[in-house]
Amino acid sequence: MGAKLLGIDIGTSACKIAVFDEDGTVISQANESYGVYYPHPGYVEQDPNEWWKAIVKGIKGVFADKKVSPEDIKGIGVDGQSWSAIPVDRAGNVLYNTPIWMDTRARDICEKVTEKLGEDRIFNVAGNKFLPSYTTPKMLWFKENKPEIFEKTFKFLQSNSFIVYKLTGKMSQDLSQGYGLHFFDSKELFYDSDLAEELGLSVDLVPHLYECDEVVGQVTNEAAELTGLKAGTPVVAGGLDAACGALGAGVYKTGQTQEQGGQAGGMSICLNKAMAHKDLILSPHVVPGMWLLQGGTVGGGGALRWFRQEFGKDESFDQLTKEAELVPVGSDGVTFLPYMSGERSPIWNPDAKGVFYGLSFDKTRADMTRAVLEGVAFSLEHNLRVAKETGAKVEVLNSMGGSANSKLWTQIKADVTGCRIVVPASDTATTLGAVILAGIGTGIYSSYEQAVKKTINITRVHEPNPENHKAYEKSMELYLELYGDLRETFSRY
């Protein structure tokens, strides 16, 4: 039968649990949803305990169909959304909801800290700007606004490290998620205690650093009783969802690039050295010795999900995109800015708003649907253009996430960017990446190259259409001009 590996993906709207064979075939899988909370403007929170309840239910679900037994699972990998700041006490109890990656409540703190320390002091260590989406400003927000919580906090955990703790009882901080902490040196991969002190924090507030494929501990008796897993099953540290998704899409060598189409959008360029850009995101890859230069946007599949919810509840995603397929390049003059919760890279503007431009009485829902698809592709192209400033060269994109299932959307991205796009098994790329880490950590795979060759198959290839690419270059100019013209307006209203 061969060994089986279990992957857990903590997404923004739901968790995915999947069991894989050694060859990357999904044996059984389950999805469980949970809430996202918006208590105040700029606040976006989740309850980590809800993640755990959903994961417990999902793990039971993968065993329910009897296709796999707990004894078959030889290792567990966990990936999760970025930039959590989960305050837990010594017993691991969650003290407060975590602000998630869309949260911008700490923007005033960022301005004060940057003014005090200087942008270069932080950037030269972290390789990332000091912005409210990251973990560090959220930790400072707790210190300033919830001192009673901050005083009780033993450690701040990331999404995957919280679930690893619930499974093993061990607190950890994987290297790939370290980039959310600005006192983590993204080049040398250690905590800079001097910078932590300058920021008003301490490295004691975060757990020990682990390689992403390193076994942190084993499933405890308590976790086994709750989930149905076998006690003693090894659990690796895991990593950032985008990095695991990149690995699960086959991106593990220099120059390879992942295009992400989940709730959020973006791209990750694999590098063999740390090359930072102030308008992008630098993180260690889950693959040792490699880094990812990333662009992360809020307008991915979530933008189309919002559009369907508000304008096409009775239609499936396939029906909406089939309508959009009949609309010509440029969406009949409709342009969409996909800044549905502010925007991350490369503009980093929490005040940015979603915009439809070019509406008139002759415009249709199909025009607007296609404009959403194109707007998300423009945000991808914007990040790729900025990445070129570092010397990073991208010719092929490995696409993953739910939006990669849409042939139309994937082709639009190829036409906008001018890049060839290859599509692996997109729905399972992120959990597969987590599983590969577990397979490396438990010795099932001898190397990342062997694991990728054994588990990843390309299902489709999209070549860019030169005529469409030329037309989209003009559309891209309008997209960028609209943001430039509206930037000050966004900040005033």
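Me: Does α12 pass α13 in a left-handed or a right-handed crossing?

Reply: Heads-up: this is a predicted model, where local features need pLDDT of at least 70 and side-chain atom pairs count only at pLDDT 80 or more, while totals for chains, interfaces and linings use all residues. Residues are numbered from 1 along each chain as its sequence is written, and side-chain values use heavy atoms, with hydrogens and water left out. Helices (H or I, at least four residues) and strands (E, at least two) are DSSP runs numbered from the N terminus, and a crossing is left-handed if the near helix is turned anticlockwise from the far one by less than a right angle, right-handed if clockwise. By that test, the crossing of α12 with α13 is right-handed.

Me: How many residues in the contact of α12 with α13 are charged?

Reply: Contact means heavy atoms within 4.5 Å. α12 brings R370, L373, E374, V376, A377, F378, L380, E381 and L384, and α13 brings L408, W409, I412, K413, V416 and T417. Ala, Val, Leu, Ile, Met, Phe, Trp, Tyr, Cys and Pro count as nonpolar, Asp, Glu, Lys and Arg as charged, and the others, Gly among them, as polar. The contact of α12 with α13 then splits into ten nonpolar, one polar and, for charged residues, four.

Me: How is α10 oriented against α12?

Reply: The two helices pack with their axes 10 Å apart, at an angle of about 165°. That makes α10, relative to α12, roughly antiparallel.

Me: How many nonpolar residues sit in the contact of α10 with α12?

Reply: From α10 you get A303, L304, F307 and F311, which meet R365, M368, T369, V372, L373 and V376 in α12. One residue of this contact is polar and one is charged, while the nonpolar ones number eight.

Me: And how do α10 and α11 sit relative to each other?

Reply: Their axes come within 11 Å and cross at roughly 95°. The pair is therefore roughly perpendicular.

Me: Which α11 residues does α10 meet?

Reply: On the α10 side, look for L304, R305 and R308. Their partners in α11 are F317, L320 and T321.

Me: What's the volume of the largest pocket?

Reply: Rolling a probe the size of a water molecule over the atoms shows where empty space is left. On a 1 Å grid over the protein atoms alone, a cavity is a set of points where a 1.4 Å probe fits but cannot get out, and a pocket is an open set with protein on both sides within 12 Å along at least five of seven lines; lining residues have an atom within 4 Å of a point. Grid points are joined across faces, edges and corners, and a volume is the space filled by probe spheres set on the points. For the largest pocket, that gives about 950 Å³.

Me: Which element gives the most to the lining of the largest pocket?

Reply: The lining divides into twelve nonpolar, 28 polar and seven charged residues. With four residues, the top contributor to this lining is β17.

Me: Which element gives the most to the lining of the largest cavity?

Reply: The cavity count, at 30 Å³ or more, comes to two, and the largest has a volume of about 40 Å³. Its lining is E259, Q260, G265, G266, T297, G299, V376, S379, L380 and K413. The elements that give two or more residues to it are β16, β17 and α12. The biggest share, three residues, comes from α12.

Me: What phi does D332 have?

Reply: D332 lies in the loop between α11 and β20. Although D332 is not a glycine, its phi is positive, at about 55°.

Notes. Axes are lines fitted to C-alpha atoms, for helices over the stretch in contact, and angles run from 0 to 180 degrees between N-to-C directions. Angles under 35 degrees count as roughly parallel, over 145 as roughly antiparallel, 65 to 115 as roughly perpendicular and the rest as oblique.
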